Amino acid sequence: MTDGWTGGIVESVAGDGSPSVDEWRPVTVPGRPAAFDGESETPIAYRTTIPDPRDHDTERALLKLHGAYDRARVWVNGTELGEHEPHVVPAHLEFEPEPKNELVVACEPPTSFAGIYGTDEVPAETATPGIWWDVTVESRPRTFCRRLDVTPRLDGDGDGAAIEVDLEVDAGGAIDDAVTFSLRPEGFRGGGSMDRAPVTAAAGERVTVSKTIDVREPSLWWPREHGPQSRYTVRAKLGDDALEETVGFCRVDRDGDGLVVNGTRIPARGFTRLPGGDPGTDVERAIEANATIVRARAHVPSSEFYRAADEAGLLVWQDLPAIGADLDVDRGKTLATTLAETYGHHPSLAMYGVQDQPTDPFADPLGEGVLAKLALRYRAWRTGVDHDPATAIAEAFPDDRPVVPVTGAPGTDPDAAHIAPGWQYLAAADADWLLDRYPPRESIVTGFGAGSLTADVDHGTVPGLDRAPPGRRPDDVTESQRYQTRTLKTVAEALRRRGCGVLTAATLRDPAPGGGMGVLTSAGEPKPAYEAIALSFEPVQAVLDGPPKPGSVGVTLCNDTTDDLEATVGWRAGDETGETAVSVGPLETASAGTATIPADADRVDLEVATADRTVRNRYDL
């Protein structure tokens, strides 16, 4: 499409508004060019030469930008086409082409709502202003379909449904025609439909054609292991031009025990996700670790991530890009509405979040023991957060998905609790004490875990690892990964024993080489914690009631399925073994006896045998 890209730091803005750059460097677009690593607070311009995409002069040239972070201004042949934000919404800009055309896109960092990009939890280069996701130049007919918006709606009883369709038509000449709207099932057999709607417009006019497509007895989209991932593709066609979008029907509610999807309680276990890495691969890795939900923490991923989640049956908790105390309510409401309009048709979108970590009373970490517990209680007591701005923004989201206004640490009275036993404070085994003292509202816990190294590097160079006391950040790679595994497994299984409805560990993937809070390296390779958490997230699993150490420890059978189960739970520790027959109800837990761990044991193995499968769990001492 282009003759290659160059980029440069914007030094000044000329009188006509075009950017002035002292040095242009070769860069790769789309993406975050390494040439500007660390330049996350400076406008950066990108330049290339593009040919006339048209085959005939009756056609129109259209530039599409997706993910131009965060505010983009665009020039072609020195003429400014316009500016665009936010980056999550594609920009469609028409221009009058020459045989060869100079394209310049200047991307500016956000003035508010930087989210995770404004913290030290991701490398500065992650926030480099640029065209992150896609850029295309194409030829379109004189009259063409500019934008297609689709909104699925379920009736109250779930027996019927409708898809609200809005098609924006750009009329290059006067038209008096009809748009054909068609519906076809994706991934299942079902009835399609076709209908027409009139469209009239004067030359140069843009009009919106709206249509309601009724769907009788809709096939619902379900999370994996609970039903099919049924979807429908809506196609709008005007003449030879057409656009299409895929949607799904899924009803998500929340009560005091967690999420209810299509009337069925779904235990949500998974990970937070930070920017970086291939979206489709991240979805695959989450699924392989038995995750049912991924939280896009304080950033908005690309549409590719949502398409992969739709196909895989993975629920998505989508945050606004908001971390810290300051919230621009008007701007936040606009972003909430835009986010819902852009991604709300994806059936995988299960819930929204507004404000993450409005304050961190444990930025100065604590150790463990009685005094640490007293210090934690004191810090939580003296911490206060104004929830009103986040609550006001939360009300701007549509009412078809649950909204979490505030996610935060103990003491912030959060709607979803961020806990860090074994990392920022206390010991991992103190998770039960912490949850008893500060029970999570709506049974939602997020952000727990520990970090680890993947190379012999200084902890201070690895994002996120400075949040723990030095004793919890071993310099040895193997020991740090062993500590991460023990901590993550202990806290995750404590949450499962307590029947926590939504839990997301921090985090799926390291944001940078060298280490981080991820169970995967930045390259996507599993750490030891990945296999451990995959075992802990098995839908039917036996877990220890505390850290494995010599002596007696209880065993609990957790059942995340909607079936009654009869199971045999066995354990082995050194030369000692035991076995217990257990009955457990749907979405419940049951005691499975006690394991006796001898002093010379080096591991504990648990095994759950049901009528159709055997599941194992493992603890290294």
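**Ground rules**

I am working from a predicted model, so I noted the limits: local features need pLDDT of at least 70, side-chain atom pairs count only at pLDDT 80 or more, and totals for chains, interfaces and linings use all residues. I number residues from 1 along each chain as its sequence is written, and side-chain values use heavy atoms, with hydrogens and water left out.

**Entry: nonpolar cores**

I started with the cores. I take a nonpolar core as a set of buried Ala, Val, Leu, Ile, Met, Phe, Trp, Tyr and Cys residues joined through side-chain atoms within 4.5 Å. Buried means under 20% relative accessible area, exposed means over 50%, and partly exposed lies in between (1.4 Å probe, protein chains only).

The largest core holds 75 residues, and Phe271, Ile419, Tyr425 and Phe448 touch the most other members. Helix α7 (residues 477–497) gives the largest share of this core, seven residues. I recorded a second, separate core of 27 residues, with Leu148, Leu183, Ala197 and Val247 among them. Helices here are DSSP runs of H or I with at least four residues, strands are runs of E with at least two, and numbering goes from the N terminus.

Contact means heavy atoms within 4.5 Å.

**Entry: strand β25**

I looked at β25 next. Strand β25 covers residues 403–408, and six of its six residues are buried. Two strands pair if DSSP finds at least two bridges between them. β25 pairs with β24 in the parallel sense over four bridges. In that pairing, Asp356 has Thr407 of β25 as its bridge partner. β25 also runs parallel to strand β26 (residues 416–418), joined by two bridges. There, Gly408 stands opposite Ala417 of β26.

**Entry: salt bridges**

What cut-off did I use for a salt bridge? A side-chain nitrogen of Lys or Arg must be within 4 Å of a carboxyl oxygen of Asp or Glu. By this rule I get 47 salt bridges.

I checked Glu138 with Lys64 by name. Their closest N and O atoms are 3.3 Å apart. Glu138 sits in strand β10 (residues 130–140) and Lys64 in strand β5 (residues 60–69), so the pair ties together parts that are 74 residues apart in sequence. Glu138 is partly exposed at 24% relative accessibility. Lys64 is partly exposed too, at 22%.

Asp170 and Arg206 meet at 3.1 Å, N to O. Asp170 belongs to strand β12 (residues 160–170) and Arg206 to strand β15 (residues 206–216), so this bridge ties together parts 36 residues apart in sequence. Is each partner buried or partly exposed? Asp170 is buried at 3%, while Arg206 is partly exposed at 47%.

I also found a network. Salt bridges with shared partners join Asp120, Glu121, Arg295, Arg297, Asp319, Asp356 and Arg467.

**Entry: loops and backbone**

I looked up the cis peptide bonds. One joins Glu85 and Pro86, with omega about -5 degrees. Pro86 is in the loop between β7 (79–84) and β8 (91–95). Another runs from Ala506 to Thr507, with omega near -5 degrees. Thr507 is in the loop between β29 (502–505) and β30 (515–516).

I noted positive phi in residues other than glycine. Asn290 has phi near 70 degrees. Asn290 lies in the loop between α1 (279–288) and β22 (293–296), and is buried at 15%. Ala298 has phi near 50 degrees. Ala298 lies in the loop between β22 and α2 (303–312), and is buried at 0%.

His346 is in the loop between α3 (329–343) and β24 (349–356). His346 is buried at 4%. Beyond its neighbours within four places in sequence, His346 contacts Tyr306, Arg307, Asp310 and Arg401.

**Entry: surface patch**

Last, I looked at the surface. Val370, Leu371 and Leu374 form a nonpolar patch with about 350 Å² of accessible area together. Patch residues have over 30% relative accessible area and no salt bridge; like charges are joined within 9 Å, and nonpolar side chains (Val, Leu, Ile, Met, Phe, Trp, Tyr) within 5 Å. Areas come from the Shrake-Rupley method with a 1.4 Å probe, and for residues only the protein chains shown count as cover. Leu374 lies in helix α4 (residues 370–382) and is partly exposed at 48%.
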